2 protein chains.
Amino acid sequence: MISDLKEIISINAKGMKRSAIRELLKLTQKPEIISFAGGLPAKETFPIEELVEITKDVLENDGASALQYGSTEGDPTLLKALVDRYNNQGLNITKDNLCILTSSQQALDLVAKIFCNPGDKVIVGLPSYLGGLGAFTAYGAEPVGILHDEKGMRADLLEAKLEELTKAGDKPKFMYVIPDFQNPAGVTMPLERRKEILAIAKKYDLLVVEDSPYRELRFEGEAQPMLFELDNNEGNVITFGTFSKIFVPGFRIGWVLGNPAIVDYFVKAKQSTDLCTSPFVQKISAKYIEQGLFDKNLIKIIEMYKEKKAVMIDSFEKYMPEGVTWTNPEGGLFLFLNLPEGLDAEELFHIAIKKNVAFVLGSVFHCDGSGKNTMRLNFSYVSKEDNVEGVKRLAQSIQELMDSKK
Amino acid sequence: MISDLKEIISINAKGMKRSAIRELLKLTQKPEIISFAGGLPAKETFPIEELVEITKDVLENDGASALQYGSTEGDPTLLKALVDRYNNQGLNITKDNLCILTSSQQALDLVAKIFCNPGDKVIVGLPSYLGGLGAFTAYGAEPVGILHDEKGMRADLLEAKLEELTKAGDKPKFMYVIPDFQNPAGVTMPLERRKEILAIAKKYDLLVVEDSPYRELRFEGEAQPMLFELDNNEGNVITFGTFSKIFVPGFRIGWVLGNPAIVDYFVKAKQSTDLCTSPFVQKISAKYIEQGLFDKNLIKIIEMYKEKKAVMIDSFEKYMPEGVTWTNPEGGLFLFLNLPEGLDAEELFHIAIKKNVAFVLGSVFHCDGSGKNTMRLNFSYVSKEDNVEGVKRLAQSIQELMDSKK
């Protein structure tokens with residue numbers, strides 16, 4: 001064995017931890033546990049029958065290309081399907097604005113690879129998606145957290161922090177935001193806040209990285225324009241998309257949408273990272289979109305999650321002890337729960353696991369270690385019945401924790 | 001637009017170039033060009049009919065898992081299939097020795113991410129696989145090239161270089177070797193050289209990264225043990241495998257085989273890179289192996305490439321001008337051609353393209369810029385007829401270049 005293995009790994013790898021969420025998920029895979037911990041879509045939304053037909057079609061009619069290496073930029077059929085879909089939604093893009101990636105996690109990896117030297121600052125929300133934090137810190141970037149209010153990242157705090165960092169000669173490389181149904185907070189930026197955030201980014205000449213995995217899963221309220229759209233092709237915003245929550249995660253398809261000059265860096269970085277994304281799953285996805293099945297299925301997913309969220313919120317109102325608060329997201333997969341100040345979600349976790357219910361500690365989404373009294377709950381995966389039962393168990397666990405502190 | 005885009009990208013991204021091969025491939029995609037440039041497997045080897053059946057089976061019987069997120073380590077069905085297959089070949093491994101990756105290019109990316117700080121040295125062959133060089137330099141690593149002879153990397157030069165670097169306090173992070181049918185040189189290390197290389201690695205406490213995409217494509221001669229096998233589970237060797245050349249590239253499946261302590265770093269690094277490899281294509285591949293179809297198809301591939309290589313070598317002997325030499329590989333997809341000293345393969349490229357035949361400049365595989373008179377030719381992709389016709393055109397181009405220098 002290499003005698004100095006722990007010494008010779010890179011400075012950045014020394015900081016790599018196994019993802020808290022994925023390790024927790026392993027603990028919570030016993031069948032008796034009702035888990036609100038993951039971020040899994042409901043398997044009932046997977047269009048298995050249609051995929052049998054489409055896969056057969058792709059293999060029989062385009063198999064030689066589907067099973068071969070593809071271009072780094074993405075399969076032409078999927079690029080076209082995405083361009084058409086975005087333009088039907090009011091954008092005005094071409095395939096040069098896109099690069100297909102192997103999941104939006106790869107987008108998070110590549111944006112850090114492209115922009116971050118060790119020690120570089122990046123702006124993130126407090127809280128923010130753990131997979132983003134993990135990808136950025138794997139290149140030695142240092143996340144700087146900006147507190148949220150009920151409209152998402154606070155513009156006043158953002159501007160003050162940018163002023164401070166710029167004066168100190170430590171301007172961040174980019175700002176990472178999830179404007180719609182934020183993971184983990186479940187909040188959505190209203191138009192006004194989007195405009196403020198974008199204006200501040202432009203004032204400080206800062207790239208905005210808009211992560212948008214849930215945007216199309218809106219249950220209620222009015223759709224807000226993407227930051228990319230508000231930017232009007234001026235090149236200050238790049239947007240990450242993915243099929244994981246609106247089609248299937250098992251294909252591992254994501255993409256970056258942005259100015260061609262920036263997208264070109266993703267193409268170059270992707271070449272040395274995995275050459276190309278599977279043309280097989282790209283061609284299947286393209287055909288699924290072309291045949292109109294994607295949008296039909298999306299309506300079904302939205303209906304299902306809307307109902308599941310309502311069940312969870314109803315159960316909160318029924319069972320949660322006084323002092324517990326939660327966000328009520330207009331879409332997405334997650335909501336955020338606040339225990340009364342001073343209570344520790346980690347203590348709660350151990351009580352809850354004994355009662356066979358699981359969640360994710362909110363603190364793991366806080367780059368500054370705050371958020372001890374918060375927790376993220378997923379409502380998309382478990383059945384409505386388990387949803388109610390899980391909330392009951394969780395409420396009992398919280399009551400038990402509260403009682404123990406009296 | 002961000003005004004200082006070129007300035008704010010990372011030091012490493014500044015060095016990223018579009019892959020010379022992939023860009024060349026674009027130039028050579030006109031249908032009239034016979035291209036020896038790519039590294040594509042022959043599409044006739046893709047088992048389309050079988051995959052239609054297996055995909056249907058996976059979707060109908062295991063669709064909910066196949067389309068969901070999977071574990072970072074890999075799908076249990078594919079891990080088991082690979083463990084069984086390796087152990088049937090005489091290894092003694094468990095699933096803890098493996099992590100499934102999204103192509104072996106991802107393995108090259110992650111090994112650099114895990115081990116390399118900017119400025120770290122890594123040992124490579126002269127010549128060596130361009131995708132390896134690109135992945136390592138994307139993390140600021142500096143490849144140090146060791147000349148080949150007809151048995152692969154020269155042990156005497158390796159030892160001298162390691163002695164020199166270690167004395168200078170600049171010990172390399174790892175040594176990158178492709179022992180079987182090396183890309184691009186087409187040479188295979190005999191047992192004796194393998195033992196020497198491994199002994200030197202152990203003497204200098206150096207990790208050996210064994211890239212093994214072609215190993216199973218042996219046409220003739222005797223199979224040599226993998227360096228991983230010779231290492232006897234002592235933890236000095238990690239091996240990268242892939243389905244790209246022995247099944248289909250379009251699934252983008254590779255893996256790392258190594259000591260569990262090292263594999264664990266790959267799992268952690270992969271979590272922030274793309275979370276997991278598509279369970280869909282993993283499950284299809286596992287079933288394809290389980291049903292015995294993989295090994296049956298492999299025999300067919302070997303027969304086909306053996307014949308294609310023989311056709312190319314025959315044509316060389318018939319048509320190549322005096323002074324041109326080539327390697328005659330015992331397997332794999334590539335061979336290497338040497339022009340008489342002083343001739344420039346880049347000059348030849350422009351003549352050849354006009355005659356509608358393409359290849360890759362050997363110099364791109366040399367980290368020190370040498371190898372100007374060399375070129376890599378792929379024999380797996382084009383038909384036997386085009387193989388002959390392409391070699392004729394190439395021989396004419398070389399003759400033309402030679403005549404112009406008289």
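**Symmetry and contact**

I superposed the copies by least squares on the C-alpha atoms of residues with pLDDT of at least 70 in both, and chain B can be laid on chain A with an RMSD of 0.0 Å by a turn of 180° and a shift of 0.0 Å along the axis. I note this as the relation of a two-fold axis. The surface that serves both copies is the same, since 100% of the contact residues of chain B recur in chain A.

I keep in mind that this is a predicted model, in which local features need pLDDT of at least 70, side-chain atom pairs count only at pLDDT 80 or more, and totals for chains, interfaces and linings use all residues. Residues are numbered from 1 along each chain as its sequence is written, and chains are lettered from A and ligands numbered from 1 in the order in which they are written.

Counting residues as in contact if their C-beta atoms, placed from the backbone, lie within 7 Å, I find 72 residues from chain B and 72 residues from chain A in the contact. The largest share of chain B's side, ten residues, comes from α4(B), with helices taken as DSSP runs of H or I of at least four residues and strands as runs of E of at least two, numbered from the N terminus.

**Helix α12(A)**

I then looked at α12(A), where eleven of the twelve residues are buried, that is, with 20 or more other C-beta atoms within 10 Å of their own. These buried residues pack against α4, α5, β2 and α13 of chain A together with α12 of chain B. Just after α12(A), A:G292 takes a positive phi of about 80°.

Note on methods. Contact = placed C-beta atoms within 7 Å.
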